[in-house]
Amino acid sequence: MVSSEGFSGDVGAGGAAGGSRVEPPGQADERTMLAAFLQFQRDTLALKCADLTPDQLRERAVPPSPLSLLGLVRHLADVERGWFRSVLLGEADEPYWPGAAPGEYADFDVEDADPEVAFRLWREECARSRAAVAAAGSLETAGGHDGGTFYSLRHILTHMIEEYARHNGHADLLRERIDGRTGE
């Protein structure tokens, strides 16, 4: 069962204990604001997955779409890894769930997926991402991707907020279809 704190009682993405979310500040410097909004989105995903069984997390609640809450967690673990570790820090990008062919991914192939593993890897990647943001010299710190395209930390944080917000919209619909739970 996923508790309100994340799978098996752990804190969701590394944010506020007890599965709660901390509202981003009304006033802060840009870096603090962007990091807070990203953490809020991470905590929202953990909240949307709370109090569900492994089978419910695997449920593809809107056929024929392959989306599931567990698939979203797996996908976002790889997205965190790709943008912060691979692009920003220049580390090798080896997806956790590669597909059968190069360039394919199996994030959403969750029939036999282990929620414990997925949530652990997601939390670890979120922690690494927060550390990378904290260690970066400024929002102008940039890393390379796609054969020489460079992205600033500002771009990466903004993109990650958008990525989570979009997928949290999916999570809202999936959760409502699974057990009728809506809202926050």
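## Handedness of a helix pair

A crossing of two helices is called left-handed if the near helix is turned anticlockwise from the far one by less than a right angle. With that in hand, the crossing of α3 and α4 in this predicted model is left-handed.

## How α3 and α4 meet

Let's stay with this pair for a moment. Helix α3 covers residues 69-88 and helix α4 covers residues 115-135; their axes come within 9 Å and cross at roughly 30°. Angles under 35 degrees count as roughly parallel, and α3 and α4 are therefore roughly parallel to each other.

From α3, the contact draws on L70, V73, R74, L76, A77, E80, R81, F84, R85 and L88. Their partners in α4 are P115, A118, F119, L121, W122, E125, C126, R128, S129, A132 and V133. Sorted by class, the residues of this contact of α3 with α4 comprise 14 nonpolar, 1 polar and 6 charged.

## α1 against α4

Helix α4 also has α1 (residues 30-48) as a partner: the two pack at an angle of about 175°, and their axes are 12 Å apart. Since angles over 145 degrees count as roughly antiparallel, α1 and α4 are therefore roughly antiparallel to each other.

On the α1 side you will find R31, Q39, R42, L45 and A46, which meet W122, C126, S129, R130, V133, A134 and A135 in α4. The residues of this contact of α1 with α4 divide into 7 nonpolar, 2 polar and 3 charged.

## The largest pocket

If you are looking for open space, the largest pocket holds about 230 Å³. Its lining is made up of H75, D78, V79, G82, W83, S86, V87, D93, P95, Y105, D107 and H145. Helix α3 supplies the largest share of that lining, with 7 residues.

By class, the lining of the largest pocket has 5 nonpolar, 4 polar and 3 charged residues.

## Backbone details in the loops

Two spots in the loops deserve a look when you go through the backbone. In the loop between α1 and α2, you will come across D51. D51 is not a glycine, yet its phi is positive, at about 65°.

The other spot involves two prolines: the peptide bond from P63 to P64 is cis, with omega near 10°. P64 lies in the loop between α2 (54-58) and α3.

Key:
Residues numbered from 1 in each chain as written. Predicted model: local features only at pLDDT ≥ 70, side-chain atom pairs only at ≥ 80, totals over all residues. Heavy atoms only, no water. Axes fitted to C-alpha atoms, helices over the stretch in contact; angles between N-to-C directions. Helix = DSSP H or I, 4+ residues; strand = E, 2+ residues; numbered from the N terminus. Parallel < 35°, antiparallel > 145°, perpendicular 65-115°, else oblique. Contact = heavy atoms within 4.5 Å. Nonpolar A, V, L, I, M, F, W, Y, C, P; charged D, E, K, R; others polar. 1 Å grid on protein atoms, 1.4 Å probe; cavity = no way out; pocket = protein on both sides within 12 Å on 5 of 7 lines; lining within 4 Å. Points joined across faces, edges and corners; volume = space filled by probe spheres on them.
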